[in-house]
Amino acid sequence: FYRLKMVNIDGSAEYSNTVSVETGIKQKNFVRPSIITSPVLSMFLDKSYKTVELISMEGVVILRQNVEGRTGRIDIPLSYIVPGAYIVRLRNNESAVQQRVIFR
């Protein structure tokens, strides 16, 4: 996913709509979109994980939630989140998957 920031001559800025691009790489578990403008973290899981963690760029765990036995779309409300970059990490006994996201 991406979007463009367009800066006008007067210094004001506008953002384009978010656009998705197929890379040909199939990532099984991920947060979508990766630039989040609402106070909800939406995840799409094709297999069950034990926990989801939201981690700040300083390494502080902001949220840890049990998602064991759940698949498909999972929405987690985050009305208290400060805008910035974070890591979303899904964990189970065998593996961990993580993705960088940006809250605006």
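Me: Which residues make the nonpolar surface patch of about 350 Å²?

Reply: Tyr 2, Leu 4, Met 6 and Val 19 make that patch. Bear in mind that we're looking at a predicted model. Leu 4 itself lies in the segment before strand E1 (5-7).

Me: Why does Leu 4 count as partly exposed?

Reply: Its relative accessibility is 46%.

Me: How far apart are the C-alpha atoms of Ala 96 and Val 52?

Reply: They are separated by 9.6 Å, with the two residues 44 apart along the chain.

Me: What makes Glu 53 and Arg 89 a salt bridge?

Reply: The rule wants a side-chain nitrogen of Lys or Arg within 4 Å of a carboxyl oxygen of Asp or Glu. Here the N to O distance is 3.5 Å, so the pair passes. It links distant parts of the chain: Glu 53 sits in strand E6 and Arg 89 in strand E9, 36 residues apart.

Me: How do you know that Glu 53 and Arg 91 meet in a salt bridge too?

Reply: Their N to O distance is 3.4 Å, and the cut-off is 4 Å, so they qualify. This pair also links distant parts of the chain, with Glu 53 in strand E6 and Arg 91 in strand E9, 38 residues apart.

Me: Is Glu 53 buried or exposed, and why?

Reply: Buried, because its relative accessible area is 5% and buried means under 20%. Arg 91, on the other hand, has 35%, so it is partly exposed.

Me: What about Arg 73 and Asp 75, what makes them a salt bridge?

Reply: Their side chains meet at 3.0 Å, N to O, and the limit is 4 Å, so they count. As for labels, Arg 73 is exposed because its relative accessible area is 54%, and exposed means over 50%. Asp 75 has 38% relative accessibility, so it counts as partly exposed.

Me: Which residues do salt bridges with shared partners join into one network?

Reply: Glu 53, Arg 64, Arg 89 and Arg 91. By the rule above, the count comes to 4 salt bridges.

Me: How do you know that strands E6 and E7 pair?

Reply: Pairing takes at least two bridges, and 5 bridges join E6 (residues 51-56) to E7 (residues 61-66), so they pair. The two run antiparallel, and Thr 51 stands opposite Asn 66 in E7. Their hairpin has 4 residues between the strands, where Gly 59 takes a positive phi near 90°.

Me: Which residues have the most contacts inside the largest nonpolar core?

Reply: Leu 41, Met 43, Leu 54, Ile 76, Leu 78, Val 88 and Phe 103, in a core of 19 residues. Strands E5, E6, E8, E9 and E10 each supply at least two residues of this core. Leaving aside neighbours within four places in sequence, Phe 103 has contacts that include Ile 36, Leu 41, Leu 54 and Tyr 86.

Terms used:
Residues are numbered from 1 along each chain as its sequence is written. This is a predicted model: local features need pLDDT of at least 70, side-chain atom pairs count only at pLDDT 80 or more; totals for chains, interfaces and linings use all residues. Side-chain values use heavy atoms; hydrogens and water are left out. A nonpolar core is a set of buried Ala, Val, Leu, Ile, Met, Phe, Trp, Tyr and Cys residues joined through side-chain atoms within 4.5 Å. Buried means under 20% relative accessible area, exposed over 50%, partly exposed in between (1.4 Å probe, protein chains only). Contact means heavy atoms within 4.5 Å. Patches are made of residues with over 30% relative accessible area and no salt bridge: like charges are joined within 9 Å, nonpolar side chains (Val, Leu, Ile, Met, Phe, Trp, Tyr) within 5 Å. Accessible areas come from the Shrake-Rupley method with a 1.4 Å probe; for residues, only the protein chains shown count as cover.
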